[in-house]
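Me: I am new to this structure and would be grateful for a close look at a single part of it, namely the place where the two chains meet. Please set that part in the context of the contacts around it, in one connected account.

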Amino acid sequence: MAVDKKYATPLLDELEKGEWPSFVKEIKSSAETNPMANDLLGLLEQSYDEKKGHWKHGGIVGVMGYGGGVIGRYTDLSEKFPNISHFHTMRVNQPSGWFYTSEALRTLCDIWDAHGSGLTNMHGSTGDIVFLGTRTEELEPIFKKLTDAGFDLGGSGSDVRTPSCCCGKARCEWACYDTMALTHYITNKFQDELHRPAFPYKMKLKMSGCPNDCVASVARADISIIGTWRDEIQVDMPKVREYAKNGTDIVKEIVMMCPGKCLDWDGTDLKIDNSSCRHCMHCINTMPKALAPGKDKGAVILVGSKAPIVEGALLSSVLVPFIKIEEPFEESELWELIENMWDLWCEEGKNRERIGEFIQRVGMGNFLEAVGLEPQPDMVAHPRENPYIFYEEYFEEGE
Amino acid sequence: MAQVPVMELAEAMYKMVKDTMGMKKWKATDLQKASIEMFGEGNVDKQLCKDAIKELVNNGRLVYTYFGGSFLEVPHKEGAAN
């Protein structure tokens with residue numbers, strides 16, 4: 001489509017300078033043929049000039065039957081920039097581990113060029129493919145084409161957000177369980193919760209294959225499923241010696257940096273006190289040819305992290321120190337625990353209260369009791385530093 | 001006691017939302033709690049409420065909206081779209 005009006009963009013032009021890729025360059029490229037992208041340049045330049053945003057978000061838009069996947073967005077300067085009077089975002093559920101064929105990517109781009117601004121985020125912080133900017137009347141045609149191509153919308157609002165995971169066993173030797181298979185299973189299992197918002201606020205599930213936690217689930221997910229092991233770190237001693245011979249300072253680079261102080265190197269042998277291991281992966285990451293996670297693999301389940309939006313940031317707390325994650329997944333006891341947590345949170349949670357904030361408000365001890373879990377030492381980062389778990393046997397009568 | 005038929009529950013939910021338009025925003029869990037209070041715990045459960053909401057949304061009688069959280073409302077044209 002021809003674009004008839006060009007905007008002067010002296011402030012945006014500054015952001016094209018330098019060696020790094022520039023979003024301005026991409027928007028300008030799209031603006032050559034797309035009137036929405038062109039008006040976006042004009043609006044953005046005005047916002048930079050005035051130091052003021054001109055967007056309103058939220059509202060009623062969506063596709064029939066779904067409560068998530070579309071984030072309504074409008075500009076308050078619709079008369080000046082009519083092509084972006086509607087500029088809705090669509091979230092498309094990404095495949096586990098973000099694997100695509102080039103044909104699938106071309107299909108997605110063709111759909112978006114035909115019905116939207118042509119601008120995308122690959123990928124949004126939740127993990128979805130993000131389509132940036134379309135009109136309300138285009139939503140159903142886009143949805144139809146997406147579903148015909150085998151894609152579905154992701155989550156938004158107070159629902160289960162699109163589950164995401166690391167590449168797991170598809171490309172990583174440290175994966176302690178099949179993150180991609182589990183994410184695919186969870187996406188299918190919780191379709192209702194994904195498309196029909198029924199929670200006090202958003203609910204993110206992220207799956208990491210090992211404690212390196214490449215999807216940062218410990219900092220971003222309401223429920224984190226992080227691969228781990230419960231036996232001993234696998235050691236190939238000749239390879240350890242080879243690292244030392246080739247210049248790795250094992251004492252300085254590994255032993256001294258072990259948070260559990262569980263390593264000892266005498267110049268010939270590496271001894272590991274596995275009972276004190278924190279599973280931080282540092283030694284394994286530093287000597288990947290010599291060390292590997294144990295053989296008895298599974299995952300740790302954590303709850304409660306979030307980025308700072310309504311309240312401050314939170315990191316996850318351990319709920320289940322170790323659980324086997326194996327197919328058939330439907331037999332896992334994890335689902336009952338998750339449903340118990342959701343029931344409690346839905347019943348007692350306040351509007352816009354993440355589950356981590358809810359736990360802070362009611363207390364971890366009360367939360368564990370309500371969802372049917374016993375407190376365990378693995379839930380405690382440091383002895384006597386968690387004020388929310390009390391062992392009644394230590395209290396004298398009458399206290 | 002037998003469960004309330006899903007269409008009867010859906011109708012009751014729709015009435016709750018319609019009668020309070022402009023005064024109250026309903027989350028799905030609010031509708032569930034109100035329905036259990038109205039019909040009694042033995043007659044309405046969580047799954048039935050989910051089914052009733054799904055029925056209303058699939059028929060377009062209620063839509064999901066987002067205003068800092070997700071709500072269920074009777075379809076209307078929003079001011080921002082003007």
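Reply: In this predicted model, chain B and chain A bury about 2,100 Å² between them, and carbon and sulfur atoms give 51% of that area. The contact draws on 24 residues of chain B and 29 residues of chain A. Four salt bridges are found across the interface of the two chains.

A salt bridge between Lys50(B) and Asp192(A) has its closest N and O atoms 3.8 Å apart. Lys50(B) and Asp192(A) also belong to a network of salt bridges that includes Glu193(A) and Arg196(A). In the structure as a whole, over all chains, there are 23 salt bridges.

Lys24(B) lies over the face of Trp26(B), at 4.6 Å from the ring centre. The charged end of Lys27(B), in turn, is found over the ring of Phe71(B), 4.9 Å from the centre of that ring.

Chain A consists of domain 1 (10-148), domain 2 (164-228 + 302-394) and domain 3 (234-292). The C-alpha centres of domain 2 and domain 3 of chain A are 30 Å apart. Five residues from domain 2 of chain A and eight residues from domain 3 of chain A take part in their contact. These two domains of chain A bury about 510 Å² between them, with 61% of it on carbon and sulfur atoms. Of the area that domain 2 of chain A buries against domain 3 of chain A, 79% is supplied by Trp174(A), Pro211(A) and Asn212(A), more than by any other three residues. Across this interface of domain 2 and domain 3 of chain A, zero salt bridges are found, whereas the interface of chain B and chain A has four.

Within chain A, several salt bridges may be examined one by one. Arg354(A) pairs with Asp222(A), the closest N and O atoms being 2.9 Å apart. This pair links distant parts of the chain, 132 residues apart: Arg354(A) is in the loop between H12 and helix H13 (355-362) of chain A, and Asp222(A) is in the loop between helix H8 (217-220) and strand E9 (223-229) of chain A. Arg354(A) counts as buried at 3% relative accessibility, and Asp222(A) is buried with a relative accessible area of 0%.

Another salt bridge joins Lys324(A) to Asp296(A), with the closest N and O atoms 2.6 Å apart. Lys324(A) lies in the loop between strand E15 (317-323) and H12 of chain A, and Asp296(A) in the loop between strand E13 (291-292) and strand E14 (297-303) of chain A, so the pair ties together parts that are 28 residues apart in sequence. Lys324(A) is partly exposed, at a relative accessible area of 32%, and Asp296(A) is also partly exposed, at 22% relative accessibility.

A further salt bridge connects Arg135(A) with Glu137(A), whose closest N and O atoms are 2.7 Å apart. Arg135(A) counts as partly exposed at 25% relative accessibility, and Glu137(A) is partly exposed with a relative accessible area of 49%.

The aromatic residues complete the account. A pair of aromatic rings is described by the distance of the centres and the angle of the planes. Over all chains, a search of the whole structure finds eleven aromatic pairs. In one of them, Phe199(A) and Trp342(A) form a tilted pair, 4.9 Å centre to centre and with 55 degrees between the planes. This pair also links distant parts of the chain: Phe199(A) is in the loop between helix H7 (191-195) and strand E8 (205-208) of chain A, and Trp342(A) is in helix H12 (residues 334-348) of chain A, 143 residues apart. Phe199(A) is buried at a relative accessible area of 5%, and Trp342(A) is buried at 3%.

The rings of Phe358(A) and Phe367(A) have their centres 6.3 Å apart and their planes at 80 degrees, so this pair is edge-to-face. Phe358(A) and Phe367(A) are both buried. Phe199(A) and Trp342(A) belong to one aromatic cluster, together with Tyr185(A), Phe190(A), Phe329(A), Trp335(A) and Trp345(A).

Methods: Residues numbered from 1 in each chain as written. Chains lettered and ligands numbered in written order. Predicted model: local features only at pLDDT ≥ 70, side-chain atom pairs only at ≥ 80, totals over all residues. Heavy atoms only, no water. Phe/Tyr/Trp six-rings, centres within 6.5 Å; stacked < 30°, edge-to-face > 60°. Helix = DSSP H or I, 4+ residues; strand = E, 2+ residues; numbered from the N terminus. Buried < 20%, exposed > 50% of the residue type's maximum accessible area, 1.4 Å probe, protein only. Lys NZ or Arg CZ within 6 Å of the ring centre and 35° of its normal. Salt bridge = Lys/Arg side-chain N within 4 Å of Asp/Glu carboxyl O. Domains from an automatic or database assignment. Contact = heavy atoms within 4.5 Å. Buried area = accessible area lost by both parts, 1.4 Å probe.
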